[in-house]
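Me: I have a structure open here and have not looked at it before. Can we go through it piece by piece?

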Amino acid sequence: MKIHEYQAKELLASYEVPVPGGIVAETEEKAFEAAKVFGSCVVKAQVHSGARGKAGGVKFAKTPEEARELASKILGMTLVTRQTGPAGKLVRKVLISEAVDVAREFYLSITGDSERAGLVIVASADGGTEIEETAKEHPEAIVQIPVSSIEGFKGYEGIRAAEVLGLEGDLQKQLISMLGKLVRLYIEKDCSLVEINPLVQTSDGKLLCLDAKVNFDDNALFRHPEVLEMRDIHEEDEKEYRASLSDLNYVSLDGDIGCLVNGAGLAMATMDIIKNFGGSPANFLDVGGSATTEKVKAAFEILLSDGNVKAIFVNIFGGIMKCDIIAEGLVQATREMGISVPIVVRLEGTNVELGQKIIRESGLSIIAASDMADGARKAIAAAKGERV
Amino acid sequence: MSIFVNKDTRVLVQGITGKQGAFHTEKMIEYGTAIVGGVTPGKGGQSLLGVPVFNTVYDAVKETGANASVIYVPPKFAADSIIEAIDAGIRIIVCITEGIPVLDMARVKHYLDGSSSRLIGPNCPGIITPEECKIGIMPGYIHRKGHVGVISRSGTLTYEAVKQLSDRNLGQSTVVGIGGDPIRGTGFLDCLKAFEADPDTCAVVLNGEIGGSGEEEAASFIRTMTKPVAAFIGGQSAPAGKRMGHAGAIISGGKGTASGKIRALQEAGAVVAMTPDLIGASLVEALERRGIRPSDL
C-alpha cells in the first residue's frame, strides 16, 4: 500500500524524524492561508508518484499570492510522469512546504533484503531525482548496509552510512539518530520501503527529509488499521480497486485480451504466452484457489466491464479450484451481463467433466480450448474478429 | 528414492479442524499419505476423519512420533505455528498459508537457523513424492512415479508442468513447491543439491518467475550438475514495479527480471522453455542433448 508525501512526512514527524514544515491544501484559498505561515514556500502536487517536479508538479513560490496562483494551476492538473503512465494522475491536493536553504543533497532508503531475511539501508551522496541514473551508471557510489529486523538498528551501521555521505561530527550524530528512528518506524509499521530522496543538509547544518515515500507490506495491513486509514482509493486504478473489494489479485495492463486464471504463476504464464503468440493481455488476474461462484462472477464482471477487452481467455487448472465453480460463475455472469465479447475457456483438473458439461448445457456460445496454447491462439484470433 | 518426503513420512496437520485443513486432510488420506495426527488448540482429544486431534504440536509428536507437519493456519497465526513446529523438532514443515507478513517470515527464517527443521513454503502448494506421500493441496491424479525432479515457485503452473511430463510418460521423483513469497524456507538451490544427490532422480524441471535472485543463484549450481535441467520463467511480460499476485513476484530497481533469469539459466546449460506449453518438450530436449532417450528414464 502507498501513501502521499504529506502523510509520509506526518508519519516521520510522529517518530521525531526532522521534516520541513508543511500544510496540505485542497483549494487555492487554503493554499494561500498555508503559504502565509511560511512566507516563501514550495507548492507540491500530491499524487502517488515520484518525478513530480520534472512533470511540473513542484514549484517554488516567493509569496503567498504566488503560492495561490501556482496552487490553482497545479490543483486539477493531470500529472504525467514515468511512473503514472500516459494517462497520468489527477492532482487533488497540494502540500505547501516551507522553503529550505539546501547545501547538499543525499539519497537514503530502507527496504527488505529477502536473501538475508532482514533489512538493507541504501545510501548515496548523489541525491535528488537522479538516483536511478546513479544506480545504472555509478553503482559503486551507492552503499548498502544490512540491518537485522530482529536486532534493529545499531549505531555502527550508521557510522558506515555517514562515511559514504561525508558527514562528520554533529551531522553524523544527526544521521545516526535519524536512521535509528526510520528503522524503528519501518519495523513497527511493517513497511516495504522508506525512501528519503532527497535527504538534505541545510546551510545551517541540519539534516532534513525534503521528500519522503513510505510503502507498506500489504500482508501486514490486517494489523495496522491506522495505516489503512491513510489509503487513498483515488490513487488506485479503478478496476484494481474493485478487484481488491472482492479479494481478487488483479493488475491492469493495456492490451485487449482479458485473462482469468487460477494461480499467480499460471496467470503470469498466461500473459506471457499471449504476448509470445502476438497478442496483448489486458490484465493479470488470479482468482485464487478457494474462489466461490460469487468471486468468479465478480472477476468476470470486471473483465466484461473493461472497454479495451475484445476477447476473454479463461485458463483454469483446478487443484483446489473446482472447474464446476468456474463454469457456474461464468454462466451466471454472462447471463446477467450478456456476452459482449468472445470467451475462450480452457478447463483442466478437478471436476473438469462437470465444468465442461455446465458450459455445454448453458447454451452460451463459449469457445472451448483443448490446452493452454490452443486457448491463447483462439483468444488472439477472436480478439482480431476472426472466426474461431 | 526422492527427496525430503517418502512413504515413511508421518504427517501432522496444523489447523486440521479449519475448512481448508479438514478438506485437504481428507484428500491427503485418500492419496495414501500417513496422516498420524492433527493440531488445533482447544480441540485436543477430538478426532477428525479417524485422526486424533491434539492441543499442541509437542503433544502430537509425543503421542504419534510424527516427523512432518503441514500448516493450514491463517496469516495472522501462521508464523507462530511454524515456530511451534520447529520447537517440537518437526523435521519437515510445509506451510501452505499465503499472506504472512514479510517481517514475520524474517523472524521465522532466523529461527530455522541451527534447528533440525526444514521449512517448505510459505505460500506454496506443498510437496509430493508420487505414490508415497502427498503433503499439500496439489491434485494427486496428475502425478506419476518416476525420475524427474520438479521445483516450482508456483502452484497451478506446476500442475501444468507435471501434466506435460506425465503425458510424455516422464514420471516425477519428487515435486517441491517452494512458494511465491520473497522469504522462503527452502530455495531452488536446496532442492537442486538434493536432486543431484538423489540416485532416483535423473533430470530436473525448474519453474521460476520474476523477483529476487533465487534462479540466478541456482544457475551457478546448475553449471556443476551432472543431471540435465529444463526451466520456465514466468512473468516475461510483467510490468516493472507491480506485484504480480505472489508477494515475491516483483521487478524492482531493474533487478529480478525474467530476461536476466532466462539468460543466467541458459548460460548455465539449462534448456529454457520460452512459453509454458513447452516445458515438457524442453525437458525432452535437455535429455536428448545428453544422449538420454525419455524412454530410458
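Me: Start with β1 of chain B. Which way does strand β1 (residues 10–14) pair with strand β5 (residues 68–71)?
Reply: This is a predicted model. In it, β1 and β5 of chain B pair in the parallel sense, over 4 bridges. As an example of who faces whom, B:Val11 stands opposite B:Ala68 in β5(B).

Me: Next sheet. What is the order of the chain B sheet that includes β9 and β14?
Reply: That open sheet runs β9-β8-β11-β10-β12-β13-β14 in chain B, 7 strands with mixed pairing. Its edge strands are β9 (133–136) and β14 (271–273), each pairing on one side only. On average, neighbouring strands in this sheet are turned by 15° against each other, direction ignored.

Me: How many bridges join β8 to β11 in chain B?
Reply: There are 2, and the strands, β8 (residues 126–129) and β11 (residues 172–177), run antiparallel. B:Ile127 has B:Val176 in β11(B) opposite.

Me: Which strands does α7(B) lie across?
Reply: α7(B) lies across β12 (203–209) and β13 (229–234) of chain B, at about 160° to β12(B). Helix α7 (residues 214–222) also packs with helix α8 (residues 258–267) of chain B, with axes 8 Å apart and an angle of about 5°.

Me: Why are α7(B) and α8(B) called roughly parallel?
Reply: Angles under 35 degrees count as roughly parallel. The angle here is about 5°, and therefore α7(B) and α8(B) are roughly parallel to each other.

Me: Which residues of α7(B) and α8(B) meet?
Reply: From α7(B), they are B:Gly214, B:Glu215, B:Glu216, B:Ala219 and B:Ile222; from α8(B), B:Gly260, B:Lys261, B:Ala264 and B:Leu265. By type, the residues of this contact are 4 nonpolar, 2 polar and 3 charged.

Me: Over to chain A. How many bridges does β7(A) form with β8(A)?
Reply: 7 bridges, with β7(A) and strand β8 (residues 118–124) running antiparallel. A:Ser109 has A:Val122 in β8(A) as its bridge partner. The two strands form a hairpin with 4 residues between them, and A:Ala117 in the turn has a positive phi of about 55°.

Me: And which way does β7 pair with β10 in chain A?
Reply: Antiparallel, over 8 bridges between β7 (residues 102–113) and β10 (residues 191–202). A:Arg104 stands opposite A:Gln201 in β10(A).

Me: Where is A:Thr350?
Reply: A:Thr350 is in the loop between β17 (343–349) and α12 (352–362) of chain A. Neighbours within four places in sequence aside, its contacts include A:Gly318, A:Met321 and, from chain B, B:Tyr141. A:Ile316 is 34 residues from A:Thr350 in sequence, with the C-alpha atoms 9.9 Å apart.

Me: Last topic, rings. What lies over the face of A:Phe32?
Reply: A:Arg68 does, at 4.1 Å from the ring centre. As for aromatic pairs, a search of the whole structure finds 1 over all chains.

Note on methods:
Residues are numbered from 1 along each chain as its sequence is written. Chains are lettered from A and ligands numbered from 1 in the order in which they are written. This is a predicted model: local features need pLDDT of at least 70, side-chain atom pairs count only at pLDDT 80 or more; totals for chains, interfaces and linings use all residues. Side-chain values use heavy atoms; hydrogens and water are left out. Axes are lines fitted to C-alpha atoms, for helices over the stretch in contact, and angles run from 0 to 180 degrees between N-to-C directions. Angles under 35 degrees count as roughly parallel, over 145 as roughly antiparallel, 65 to 115 as roughly perpendicular and the rest as oblique. Contact means heavy atoms within 4.5 Å. Ala, Val, Leu, Ile, Met, Phe, Trp, Tyr, Cys and Pro count as nonpolar, Asp, Glu, Lys and Arg as charged, and the others, Gly among them, as polar. Two strands pair if DSSP finds at least two bridges between them. Rings of Phe, Tyr and Trp (its six-membered ring) pair if their centres lie within 6.5 Å; planes under 30 degrees apart count as stacked, over 60 as edge-to-face and the rest as tilted. A charge sits over a ring if NZ of Lys or CZ of Arg is within 6 Å of the ring centre and within 35 degrees of the ring normal.
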